[in-house]
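Hi everyone, thanks for coming. Let's take a few minutes to walk through this one together.

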Amino acid sequence: MKNRMFNLLLVLIVLSLFSVSAYPQDKKGIPKASKKGTTCSTCHPDIYAVLPKNHKKVSKNDISACIQCHKPDKSAKIEPKAYVSILHRSHIKQNITDCSMCHTYRANQFGLHGYKVSYGKLSREDFERIKEIFISWSTSKNTDAIHGKADILCSACHGKHLPVTGDDVENITCLNCHGPLETLKKQSEPKDFPDRNPHNSHLGDIACTVCHKAHKPSVVYCLGCHGNFKMKIPGEE
Ligand code: HEC
Ligand code: HEC
Ligand code: HEC
Ligand code: HEC
Ligand code: HEC
Ligand code: HEC
Ligand code: HEC
């Protein structure tokens, strides 16, 4: 009788251990996806719990089932993309930075499970850099995250190719969404000191990125010489 009670207790303890760790985790308790056999169902036994209300039926709990309707789009259209943004942001915010549950990476080609077309070649170093920047885009206060919150993806600024180390973005790309420049100049003209206009100064038309850094805190370049001006910029430290 005593033995039976003991066994029952043991079973209960083991069961409770299993229910505590809902996700496969690493030593720090961060959910880990790349454990062999991990699929969406490992963490989302009921996928509808994380999908929008009244979402269409999905045949499989797998990213390859999603792309049947959410067709991969490499056109780099300059518009918000909610579905792709939600998939990245919601996981990275939970410290799930394992890209392999959705992406393939073989022979330096970056792709998507269930989709034959490659997004392009990516060195190991650039893959790591993209990962870091995705974390910034999802969680920081930088310009990238201001856009991330508005579901603006990498391709809206970088174009069709995968962004790599050393990439820059031309003013015209920013102005496609924030222009025309004349309007921007009018918008940012201070009422008290109209000539202290960041977008209309004796410096002429300079690169937006002199002040608006994409993946690190932005700076007001003017203040380097005019320490007495009071100017603030979105995405600063
Ligand atoms: C390692 C665990 C894990 C795996 C694997 C995983 N997810 Fe998630 N997912 C989470 C967590 C944690 C959240 C955020 C909390 C929540 O909303 O439940 C989340 C959130 C989401 C959301 C957004 C909910 C929202 O509105 O914010 C969607 C959609 C989603 N997951 C889809 C998927 C798909 C599709 C897969 C498989 C390709 C997948 N997840 C694999 C853990 C995981
Ligand atoms: C049968 C077609 C179909 C399948 C399969 C499908 N979806 Fe959807 N999904 C839609 C439609 C239609 C919408 C609403 C319009 C839109 O935003 O594209 C939508 C919207 C969404 C949204 C919200 C986007 C927004 O605009 O806010 C998310 C997130 C989403 N789906 C995730 C998924 C995930 C994850 C899978 C795979 C597990 C999946 N969907 C599979 C048809 C589908
Ligand atoms: C839950 C699924 C999921 C996870 C996790 C995920 N991705 Fe994606 N990712 C997608 C889908 C779906 C697309 C396809 C977008 C398209 O073609 O429209 C995509 C597209 C991309 C793109 C192209 C973006 C653009 O601007 O068009 C990059 C770069 C990328 N992912 C990098 C990553 C990295 C790095 C990670 C890991 C930190 C990651 N992804 C994790 C689903 C995911
Ligand atoms: C609002 C526009 C914008 C968005 C959105 C954006 N970037 Fe960038 N990115 C830039 C600009 C501008 C630069 C040039 C560096 C700078 O001035 O900050 C850059 C530089 C880079 C570089 C080169 C940096 C280096 O270290 O050499 C990489 C890689 C990159 N971006 C990846 C990404 C990825 C991945 C995403 C999506 C998660 C993304 N970017 C989203 C504007 C953007
Ligand atoms: C695809 C369109 C698009 C592109 C391209 C784009 N942006 Fe944005 N940007 C947005 C949206 C949408 C927001 C968020 C809504 C808002 O505040 O206007 C935003 C927000 C901002 C903000 C913050 C505005 C505020 O009031 O806080 C700044 C600054 C900014 N973008 C600068 C840039 C720069 C610099 C570039 C080029 C490197 C760029 N954007 C490229 C669409 C875009
Ligand atoms: C000399 C530094 C500097 C340069 C260069 C610069 N900006 Fe700005 N930008 C600022 C400052 C400072 C603000 C905040 C001004 C304010 O609050 O009115 C700002 C604000 C913005 C905003 C938010 C809208 C607003 O009026 O508040 C957008 C969008 C923007 N800049 C886009 C751009 C684009 C696009 C370029 C390139 C054509 C550019 N900026 C070049 C310093 C700069
Ligand atoms: C490399 C240094 C440097 C930078 C950067 C710089 N300026 Fe100047 N600026 C000067 C000098 C030198 C003068 C002329 C001497 C003076 O009157 O201070 C001047 C004069 C001015 C004046 C008229 C005098 C005053 O103090 O009101 C304004 C307004 C001004 N700058 C605005 C700006 C704005 C706005 C920016 C950023 C877009 C900027 N400057 C960036 C060096 C700089």
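**Around the ligands**

Let's start with ligand 2: by class, its shell holds nine nonpolar, two polar and two charged residues. For those classes, Ala, Val, Leu, Ile, Met, Phe, Trp, Tyr, Cys and Pro count as nonpolar, Asp, Glu, Lys and Arg as charged, and the others, Gly among them, as polar.

Some housekeeping before I go on. This is a predicted model, where local features need pLDDT of at least 70 and side-chain atom pairs count only at pLDDT 80 or more, while totals for chains, interfaces and linings use all residues. Residues are numbered from 1 along each chain as its sequence is written, chains are lettered from A and ligands numbered from 1 in the order in which they are written, and side-chain values use heavy atoms, leaving out hydrogens and water.

Back to ligand 2. It is surrounded by 13 residues, and the closest are H55, V58, C66, C69 and H70; a residue is near a molecule if one of its heavy atoms lies within 4 Å of it. H55 has a polar side-chain atom 2.8 Å from a nitrogen atom of ligand 2, and for H70 a side-chain N or O atom is 2.8 Å from a nitrogen atom of the ligand. Which helix gives the most to this shell? That's α4, with three residues. Helices here are DSSP runs (H or I, at least four residues), strands are E runs of at least two, and both are numbered from the N terminus.

Now ligand 3. Here 22 residues make up the surroundings, with H88, C99, C102, H103 and Y119 the closest. The shell has 15 nonpolar, five polar and two charged residues. On the backbone side, a polar atom of D73 is 2.9 Å from an oxygen atom of ligand 3, and a polar backbone atom of S155 is also 2.9 Å from an oxygen atom of the ligand. Two or more residues come from each of α4, β2, α5 (124-139) and α7, and α4 gives the most, with five.

**Two iron sites**

On to the iron atom of ligand 4. Its protein donors are H158 (NE2) and H215 (NE2), at 2.0 to 2.1 Å. Donors, by the way, are N, O and S atoms within 2.8 Å of the metal (3.2 Å for Na, K and Ca). H158 is in helix α7 (residues 154-158) and H215 in the segment after α9, 57 residues apart.

The cut-offs are under 20% for buried, over 50% for exposed and partly exposed in between, with a 1.4 Å probe and protein chains only.

Last stop, the iron atom of ligand 7. H202 (NE2) and H226 (NE2) are its protein donors, 2.0 Å away. Those two are 24 residues apart, both in the segment after α9 (181-187). H202 counts as exposed because its relative accessibility is 69%, while H226, at 27%, is partly exposed.

Notes:
Polar contact = N/O pair within 3.5 Å; in protein donor to acceptor, adjacent residues only side chain to side chain.
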